[in-house]
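Dear colleague,

Here is the structure I said I would pass on. My notes on it follow below.

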Amino acid sequence: MTKEVKRYTITAALPYTNGPVHIGHLAGVYIPSDIYARFLRSNKKDVVFVCGSDEHGVPITISAKKEGVAPQQVVDKYHKVIGDAFKGLGISFDIYHRTSDKLHHETASSFFDHLHKNNLFVEKVTEQYFDEKENQFLADRYITGTCPYCKSEEAYGDQCEACGASLSATDLIEPKSALSGNKPLMKETKHWFLPLNTYEAWLKEWILEGHKSDWKSNVYGQCKSWLDQGLQPRAVTRDLDWGIPVPVKGAEGKVLYVWFDAPIGYISATKQWAKDNGKDWAPYWKSEDTKLVHFIGKDNIVFHCVIFPSMLKAHGGYILPDNVPANEFLNLEGAKISTSRNWAVWLHEYLEDFSDMQDAMRYVLCATAPESKDNDFTWKDFQTRNNSELVGIYGNFINRVLVLTHKYYGGLTPERSVLSDDDRSVISELKLFPDKIAKAIHAYRFREAVMEVINLARLGNKYLAEEEPWKLVKTDEARTKTIMNVALQVAANLSIISEPFMPFSARKLGAMLGLGQLTWKDAGSDALLIQGSQIEKAELLFRKIEDTEIENQLKKLEASKLNNQ
């Protein structure tokens with residue numbers, strides 16, 4: 001039996017603040033989550049869409065050491081860069097929080113304390129890698145070596161980015177310290193562990209039986225693989241001087257493991273949003289009539305589907321994710337995107353180079369999103385899709401309709417008279433689009449959904465081309481007015497159904513058509529524009545991308561490649 005959903009809590013993976021956001025992050029997480037949130041809001045649903053900077057963990061300290069500054073300076077710098085870039089692309093978070101915030105520290109500490117007081121952790125003294133030269137224990141990311149599976153020589157102590165395998169530092173072949181480059185020693189240290197093995201039977205029932213049919217195959221498959229191997233206790237503390245101090249006597253010099261701390265950031269962000277807006281945060285995380293959806297990349301599947309749910313289950317009182325629609329990876333010009341090698345298209349740089357084309361990137365990354373397998377972004381494909389689909393199909397249709405309306409009727413919506421079979425056919429098709437798009441979005445098939453937007457523009461173009469109102473305007477005034485009225489209704493519908501995907505263009509189109517605040521339930525109507533309503537003069541919704549612009553981007557990438565040789 002399907003539960004009644006009264007509200008939605010949507011989370012987008014917290015980006016590490018050790019660098020800017022790139023198109024791989026956008027395609028995998030932020031554009032799909034924003035489309036989903038915007039669509040639900042257009043349907044008048046109660047939504048909180050949260051994200052924030054993940055400001056703890058070893059990557060931050062590594063960046064700080066490289067830059068010769070304090071970790072706080074690193075996170076402050078990139079928190080602003082990332083937050084501003086998200087706003088620039090129209091990512092509509094209800095709150096973009098940060099894990100260095102006092103409220104988050106309190107929330108995460110309280111969560112740990114609750115589990116600790118209820119004896120839900122296992123305290124263990126283990127041997128851990130220690131760098132004698134630097135006189136410190138080495139967290140997973142401070143250890144590099146050869147992956148035992150794919151033999152990549154650049155694997156980290158927690159994961160191999162080449163093959164995606166989840167690792168322990170002791171799995172690495174020929175480990176070395178990322179700080180000194182020396183071979184580390186093993187030294188005893190005490191940590192607190194979440195005994196995932198005690199939740200294994202419950203996880204198998206919840207995931208393998210409960211979500212076999214509704215979770216994406218890549219998500220389900222990775223979870224099954226983990227569960228089939230058997231779960232082991234996982235440390236939730238680290239020997240590190242950057243992070244949230246472990247709130248236990250005798251734990252000096254230890255902080256909460258970032259993958260214990262970070263997902264709690266969703267909860268603390270919701271608390272801050274509720275506080276700022278005079279709301280109660282609890283129903284968004286504790287009511288069974290709330291639908292919780294995590295948008296993540298495939299490298300975060302285990303943390304969001306196994307570890308975080310186990311934490312919530314252990315704590316008690318929290319709801320579990322209804323779905324975790326993780327995407328695969330996006331490559332760039334045939335090679336894996338790499339922050340360290342600067343092989344990426346950075347969002348903040350894109351917004352500087354293409355300041356008037358936010359929706360072009362949103363559209364292309366949605367249309368080519370790696371939903372079921374890794375995909376490749378190329379600048380040539382970006383140009384082709386923009387010029388042929390956005391400019392050539394969508395923009396062309398809107399421009400023709402508005403220009404003809406001004407040419408024939410002074411910008412006023414003409415009166416509709418008797419409908420032909422062709423008119424009725426177009427109107428019948430028009431009414432199907434909102435439901436087709438809605439079904440695809442609810443199934444997290446955003447590529448399919450955005451192509452239906454283009455298909456509606458195609459329908460409008462085809463209708464105009466076949467009816468040829470410019471040939472009838474002098475001989476059959478009533479028929480010409482009817483054709484133009486129907487075409488304008490198609491344009492008005494495009495404004496509504498485009499909004500989740502291309503909000504800047506949708507808003508601009510709505511303003512040109514003189515539309516008010518319409519919602520998804522208005523879509524599909526063939527009476528959105530009444531006779532005599534004022535239509536503004538046509539402005540280009542999308543502009544053509546010139547070859548020189550693409551050549552400049554390719555030169556920038558080529559320079560990155562040469563710098564890495």
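**Cavities**

The largest cavity holds about 50 Å³ of space. It comes from a predicted model, in which local features need pLDDT of at least 70 and side-chain atom pairs count only at pLDDT 80 or more, while totals for chains, interfaces and linings use all residues. Residues are numbered from 1 along each chain as its sequence is written, and side-chain values use heavy atoms, with hydrogens and water left out.

The structure has three cavities of 30 Å³ or more. A cavity here is a set of points, on a 1 Å grid over the protein atoms alone, where a 1.4 Å probe fits but cannot get out; lining residues have an atom within 4 Å of a point. Grid points are joined across faces, edges and corners, and a volume is the space filled by probe spheres set on the points.

Leu194, Leu196, Arg234, Ala235, Val236, Tyr257, Trp259, Phe260, Ile307 and Met311 line the largest cavity. Of these lining residues, nine are nonpolar, none is polar and one is charged (nonpolar: Ala, Val, Leu, Ile, Met, Phe, Trp, Tyr, Cys and Pro; charged: Asp, Glu, Lys and Arg; polar: the others, Gly among them). At least two lining residues come from each of β10 (234–235), α7 (258–277) and α9. Helices (H or I, at least four residues) and strands (E, at least two) are DSSP runs, numbered from the N terminus.

**Helix α9**

In α9, 14 of the 15 residues are buried, so the helix is largely enclosed by the rest of the structure (buried: under 20% relative accessible area; exposed: over 50%; partly exposed: in between; 1.4 Å probe, protein chains only). A kink of about 30 degrees lies at phenylalanine 308, shortly before proline 309; the bend is the angle between axes fitted to the seven residues ending at a residue and the seven starting there. Just after α9, glycine 316 has a positive phi of about 85 degrees.

**Positive phi elsewhere**

Most residues other than glycine have a negative phi. Lysine 151, not a glycine, has a positive phi of about 70 degrees and sits in the loop between β6 (143–146) and β7 (155–156). Glutamate 468, also not a glycine, has a positive phi of about 45 degrees. Glutamate 468 lies in the loop between α14 (446–467) and α15 (469–472) and is partly exposed, with a relative accessible area of 27%.

Regards

Methods
1 Å grid on protein atoms, 1.4 Å probe; cavity = no way out; pocket = protein on both sides within 12 Å on 5 of 7 lines; lining within 4 Å.
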